[in-house]
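Please read this report alongside the sequence and the structure.

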Amino acid sequence: MGAFLELDRLTRVFAGSPAVRELSLAVGEHEIVTLLGPSGCGKTTTLRMVAGFEIPDSGRVVLDGRDVTRVPPQKRGFGMVFQHYALFPHMSVRANVAFGLETVGLSRVEIERRAARALELVRLPGTGDRSIGSLSGGQQQRVALARALAPEPQVLLLDEPLSNLDATLREQTRRELRALVKEIGITTIYVTHDQEEAFDLSDRIAVMREGRLEQSGPAEDLYHRPATEFVATFLGRAGAVEGLVGEVHDDGLISCRLAEGVIWKAQAARGSELAEAGMKLRLLARPEALAFARPGSDGALRGTVRETRFAGSVYLYTVTVGHGELEVQAVAEQARPGDLVGVVPSSAPAGLFAFPAGAERQTG
Ligand SMILES: Nc1ncnc2c1ncn2[C@@H]1O[C@H](COP(=O)(O)OP(=O)(O)OP(=O)(O)O)[C@@H](O)[C@H]1O
Ligand SMILES: [Mg+2]
């Protein structure tokens with residue numbers, strides 16, 4: 001898919017500190033790309049530059065081959081829901097939703113039809129005559145979403161548009177939102193810090209950290225082949241132990257020498273410099289890639305269960321091992337805090353990633 005909307009080395013500095021740094025991202029036509037990252041990493045600032053509410057210090061926003069970096073927001077015709085949605089409190093729900101339609105020059109009947117459809121989508125049919133002030137926070141958020149969708153824009157920019165909804169409504173709404181956006185064929189950038197939401201909604205996820213793009217790709221790629229420790233731990237869970245490079249294999253795998261002569265095979269992180277035997281590494285392991293074994297059995301790391309958690313369909317165990325802490329997932333209750341256990345990979349090298357030690361230390 002060629003780039004329909006292109007973010008080209010966008011940089012925005014506030015009072016000497018960069019909020020967004022050299023961020024490049026190509027969004028294909030009709031694609032839904034999610035910006036995912038922790039609070040303060042620059043998601044809103046990026047979206048505001050795409051919308052035109054913020055002018056980048058350097059870099060460009062290109063729409064369908066045209067540089068729109070300095071085109072004012074109202075001339076871009078993008079739909080947008082702000083993180084702090086700005087509704088008109090003195091106007092009715094219907095007037096709010098229709099607001100974006102008035103300027104497009106549609107007939108009364110068509111405006112009515114589209115406003116009603118948008119309100120149905122966000123599960124607020126029949127509320128058109130109510131005042132904004134009489135709605136709950138979550139309902140107001142859905143009105144904001146309806147207002148952005150009603151004109152059926154080419155490009156939709158959504159900044160945490162479902163954050164005030166309860167879990168069930170949130171899940172329903174994002175499914176329907178995805179279906180509608182795909183049906184109309186709207187190119188969408190969606191901002192969230194909720195990984196489950198990103199998984200559910202996006203064609204591609206762009207993980208941001210401290211103003212930079214850390215990695216982008218389909219959710220499966222990021223989950224199964226994280227380029228950095230940050231991505232590995234931000235998307236899904238992963239424990240970590242320290243070790244040394246044993247053997248470097250041709251197929252991108254590395255034999256990792258861990259405590260007590262134990263060797264586990266792991267995927268070498270993309271672009272990592274773990275090229276030589278003896279180099280220090282950190283091995284990250286997904287909980288579902290590990291299992292319990294008898295302590296002292298072949299290939300088992302010896303550890304002590306520190307904590308157990310019941311997570312609905314599975315149990316999660318935090319296990320302290322010599323040089324780190326692993327998480328083990330099991331379907332039944334298998335250990336208690338204080339138990340001495342062995343931990344082995346259950347599907348190596350899937351879910352095991354080797355990163356150079358010292359590069360980063362984010363876990364949890
Ligand atoms: N107008 C502004 N003036 C000064 N600093 C700003 C301004 N807007 C954002 N920043 C700073 O830029 C950084 C990125 O902010 P931004 O709002 O883009 O983060 P975010 O990823 O959207 O975070 P959140 O998930 O909390 O909404 C933060 O450090 C923030 O304090
Ligand atoms: Mg934000």
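## The shell around ligand 1

In this predicted model, the residues of the shell around ligand 1 divide into four nonpolar, six polar and two charged. The residues that surround ligand 1 are Phe 14, Ala 19, Pro 38, Ser 39, Gly 40, Cys 41, Gly 42, Lys 43, Thr 44, Thr 45, Gln 83 and Glu 160. Helix α1, which comprises residues 43–51, gives the most to this shell, with three residues.

A polar atom in the side chain of Ser 39 lies 2.5 Å from an oxygen atom of ligand 1, and an N or O atom in the side chain of Lys 43 is 2.8 Å from an oxygen atom of ligand 1. On its own, ligand 1 has 640 Å² of accessible area, of which the protein covers 58%.

## The largest pocket

The largest pocket holds about 690 Å³ of space. Its lining consists of 19 residues, and those closest to the centre of the pocket are Gln 74, Phe 78, Gly 79, Met 80 and Gly 100.

At least two residues of this lining come from each of α2 (73–76), β6 (79–81), α3 (93–102) and α5 (137–149). By residue class, the lining of the largest pocket divides into 13 nonpolar, five polar and one charged.

## The cavity

Rolling a probe the size of a water molecule over the atoms shows where empty space is left. In the whole structure, a search finds one cavity of 30 Å³ or more, and the space in the largest cavity amounts to about 90 Å³. The elements that give two or more residues to the lining of this cavity are α4 (108–121) and α6 (167–184), and α4 gives the most, with five residues.

The lining of the largest cavity is made up of Arg 113, Arg 114, Arg 117, Ala 118, Leu 121, Leu 149, Ala 150, Glu 152, Leu 180 and Ile 184. These residues divide into six nonpolar, no polar and four charged.

Glu 197 lies in helix α7, which comprises residues 195–201. Because its relative accessibility is 1%, Glu 197 counts as buried, and the side chain of Glu 197 is joined to the side chain of Thr 192 by a polar contact of 3.4 Å.

## Backbone features in loops

Two residues other than glycine have a positive phi, and each is found in a loop between strands. Ala 15, in the loop between β1 (3–14) and β2 (17–28), has a phi near 45°; with a relative accessible area of 89%, Ala 15 is exposed. His 30, whose place is in the loop between β2 and β3 (32–36), has a phi near 70°, and at 39% relative accessibility His 30 counts as partly exposed.

A further loop feature concerns the peptide bond itself. The bond that joins Ala 348 and Pro 349 is cis, with omega about 0°, and Pro 349 is found in the loop between β19 (340–345) and β20 (352–356).

Note on methods:
Residues numbered from 1 in each chain as written. Chains lettered and ligands numbered in written order. Predicted model: local features only at pLDDT ≥ 70, side-chain atom pairs only at ≥ 80, totals over all residues. Heavy atoms only, no water. 1 Å grid on protein atoms, 1.4 Å probe; cavity = no way out; pocket = protein on both sides within 12 Å on 5 of 7 lines; lining within 4 Å. Points joined across faces, edges and corners; volume = space filled by probe spheres on them. Helix = DSSP H or I, 4+ residues; strand = E, 2+ residues; numbered from the N terminus. Nonpolar A, V, L, I, M, F, W, Y, C, P; charged D, E, K, R; others polar. Near = heavy atom within 4 Å. Polar contact = N/O pair within 3.5 Å; in protein donor to acceptor, adjacent residues only side chain to side chain. Areas by Shrake-Rupley, 256 points an atom, 1.4 Å probe, with all protein chains shown as cover. Buried < 20%, exposed > 50% of the residue type's maximum accessible area, 1.4 Å probe, protein only.
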